[in-house]
Amino acid sequence: MSHPTSRGPHRLAFGGDYNPEQWPESTWQEDVRLMGQAQVNLVSVGIFSWALLEPEPGAFTFDWLDRVLDLLHEHGISADLGTPTVAPPAWFYRAHPDALPVSREGVRYAFGSRGAICHSNPAYREAATRITTELARRYAAHPALALWHVHNEYGSPVGACYCDGCAAHFRRWLAGRHGSVEAVNDAWGTAFWGQRYTDFEQIDPPRLTPGACNPAQQLDYRRFADATMRENFRAERDILHRLSPGIPVTTNFMTALSQCDSVDYWAWGREVDLVTNDHYLITDGRRTHVNLAMTADLTRSVAGGAPWLLLEHSTSAVNWQSRNPAKRPGEMARNSLAHVARGSEGAMFFQWRQSRRGSEKFHSAMLPHAGVDSRVWREVVALGADIRALAPLRGTRTVADVAMVWDWQSWWAQGLEGRPSVDLDPRERADSFYEALYDRHLTVDFAHPEADLSPWPLVVVPALYLASEKTGDNFRRYVEQGGTLVVSCFSGVVDEHDAVPDGAPPGLLRDVLGLSVEEWAPLMPSESVELTGPTGDRLRADVWSEFVVPRGADTVWSYVDGPAAGGPAVTRHRLGSGTAWYVSTRLAAGALDTVLRAACEHAGLCSRDELPRDVEVVKRSGDSGTYLFVLNHTDGQARVLVPGTATDLFSGEHVSGHLTVPAGGVRVVRQHDGR
């Protein structure tokens, strides 16, 4: 945390975004009455209210928000109060059209959406500072205030602006980062294609070019755009800290790799007082509950393992995909409790009352168009009671088994032009490795590549195209001290400037992996390769293969066919007290399980084969005890062994031996023996 706090949410949170300005004031009394029925205790307010709070420059109308906050407090409901800086008013853009962002193609976006902001624009920064200051002065001491909510979902829908103002800001940022124009030339390799600069004023954003634009320049611009948004967050946060001491400040993240790729959440996690996240199920044919678990684990890791808060998800369908299926009965509660299992201190939704107008009128809500005589409402009320029953586990922490290394900047770099194959997707590799670990019933922490890896017996690296010298040293130290490391293909290829290090790939990971790669051999869409293992077992892979030369590593699986037929496909390198594995091709989650099973055995991780597929068992532990969440994502009843004796927090039932979980159900038990 960046600032000490004495106030904030003191219960497991249950509620959602509340937008009373969309409704006549006569509706507000009904809202708070129904919130009480559902046991709502926290709502997010004011996030998109700038035009109402400041209808003219410098003229503020807070009376309606006064009444909302007073009403909430009277009914025992706390507020997550937004600074509305994600949606400047129409009058602002009329006066400052240059505050609208410009695309890489040179098109200036128009007013009428949200998040249409050039974060370098001085007029925007001044106006955001003004509204934030006025809000803090007025509401710092309001008894309903539990949390400050800055902006909304930074990086969406616009992650970068390419206007002239950003160009000037970029030059200043480059001077601060690199020190001199000569250092920029060196970092970007501008000798290639005669791109050398002699003055910072010659440097522009990586706008649309007739051919491939300098990848190192593009990578630095993504860093700059992310850092610029973070500058604006810090400016608002610091005002709130100064004028509203003791109230935690957050902004809602979107850590799911399926939802946002423009923000480096490792950096952002250090800036907020409480990590909060928005998550929505993506209809892409994948097992949505696996993506949910992965996102919750990633959010907890961004929070440094500390409790965090699910600030938005949906009660049922969303509205912004091509096809938006409704959640099945019980799925909303199961989704919510899966986040709680993996560290969230409650479950919040977008939104409280379903909108009648605007682009989100078909997005589900806690109180749907159908009203209280609806399945969604009945499930919301039941979930509110369940969240209340889980109060004893507040402050406990999720217990993880393994770690996965992930780096947003490496993801950015690998996605640029000129790579050997567009089919080798870092997000797909992360999803597949996570799914394989999930199916082995292992709870995953995520780690930055330069973080201390010693707490975990097994660390997997699904995609790390970009690796610094510190990363190479970190991986080597981890393995030498007894860790088990599994690294996937096309990792360690470039340094932090997108430059290939001296020598053969995998560059700065050569020593720890005990091998070199003479050449990459991408496969065509119709091609696949077969691998054979130590006992004659066969695995099938696609998209990618490599000509691997062991330099201390042992071959465990070999290519049977394809470009590298007869050569190593999966290797194992014993180094110091540990072992480093390398997987030089793209294995699907099922085939990955075979490799990870062997790595788990080397790491001393116990088999959990007795657990049914798609039945999660997740542990939270702390001063108040040890709690097991059992979530059944199947259509059949599941029976799970619970060591010792326990008490079901929902029913009060005594549990000994096995726990029966109905189809699609969730049970949470407190273990009495602390195991």
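Asp498 is found in the loop between β14 (484-488) and α16 (510-513). The model that holds this residue is a predicted one. Asp498 is not a glycine, yet its phi is positive, near 65°. With 12% relative accessibility, Asp498 counts as buried, because buried means under 20% relative accessible area.

Another residue with a positive phi is Gln39, at about 65°, and Gln39 is not a glycine either. Its place is the loop between α1 (28-38) and β2 (42-45). Is Gln39 buried or partly exposed? The relative accessible area of Gln39 is 28%, which makes this residue partly exposed.

Asp284 also belongs to a loop, the one between β7 (276-278) and α10 (288-302). Asp284 has 34% relative accessibility and counts as partly exposed. Along the chain, Asp284 and Thr535 are 251 residues apart, and 36 Å separates their C-alpha atoms.

Thr133, by contrast, is part of a helix, α5 (residues 122-139). Thr133 is buried, at 11% relative accessibility. Apart from residues up to four places away in sequence, Thr133 touches Ile239 and Leu243.

| Residue | Relative accessibility | Class |
|---|---|---|
| Thr133 | 11% | buried |
| Asp498 | 12% | buried |
| Gln39 | 28% | partly exposed |
| Asp284 | 34% | partly exposed |

Two peptide bonds deserve a note. The bond from Ser156 to Pro157 is cis, and its omega is near 0°. Pro157 sits in the loop between β4 (145-150) and α6 (164-178). The bond from Phe350 to Gln351 is cis as well, with omega near -5°. Gln351 is located in the loop between β9 (344-349) and α12 (375-389).

Next comes the protein as a whole. How many helices and strands does the protein have? There are 17 helices and 27 strands. The radius of gyration is 26 Å, close to the 26 Å that the globule rule gives for 675 residues, so the protein is as compact as a globular protein of that length. Taken along the principal axes, the box filled by the C-alpha atoms is roughly 75 × 75 × 45 Å.

Of the contacts between residues at least 6 apart in sequence, 73% join residues at least 24 apart. Among the 675 residues, 60% count as buried.

In soluble globular proteins, nonpolar side chains tend to be buried together. Here the largest nonpolar core has 169 residues. The residues with the most contacts inside this core are Leu72, Trp148, Trp408, Leu485 and Leu531. Leu531 is in contact with residues beyond its neighbours within four places in sequence, among them Trp557, Tyr559, Val560, Val570 and Leu587. Its contacts also include Asp537, Arg538, Ser558 and Thr585.

The last topic is surface and charge. The accessible surface of the protein is about 25,700 Å², and carbon and sulfur atoms account for 49% of that area. Which charges do the side chains carry, and how many of each are there? The protein has 64 positive and 82 negative side chains. The centres of these two sets lie 3 Å apart.

Definitions and conventions. Residues are numbered from 1 along each chain as its sequence is written. This is a predicted model: local features need pLDDT of at least 70, side-chain atom pairs count only at pLDDT 80 or more; totals for chains, interfaces and linings use all residues. Side-chain values use heavy atoms; hydrogens and water are left out. Helices (H or I, at least four residues) and strands (E, at least two) are DSSP runs, numbered from the N terminus. The radius of gyration is taken over C-alpha atoms; the globule rule is 2.2 Å times the number of residues to the power 0.38. Buried means under 20% relative accessible area, exposed over 50%, partly exposed in between (1.4 Å probe, protein chains only). Contact means heavy atoms within 4.5 Å. Accessible areas come from the Shrake-Rupley method with a 1.4 Å probe; for residues, only the protein chains shown count as cover. Lys and Arg count as positive and Asp and Glu as negative; His and the chain ends are not counted. The place of a charge is taken as NZ of Lys, CZ of Arg, CG of Asp or CD of Glu. A nonpolar core is a set of buried Ala, Val, Leu, Ile, Met, Phe, Trp, Tyr and Cys residues joined through side-chain atoms within 4.5 Å.
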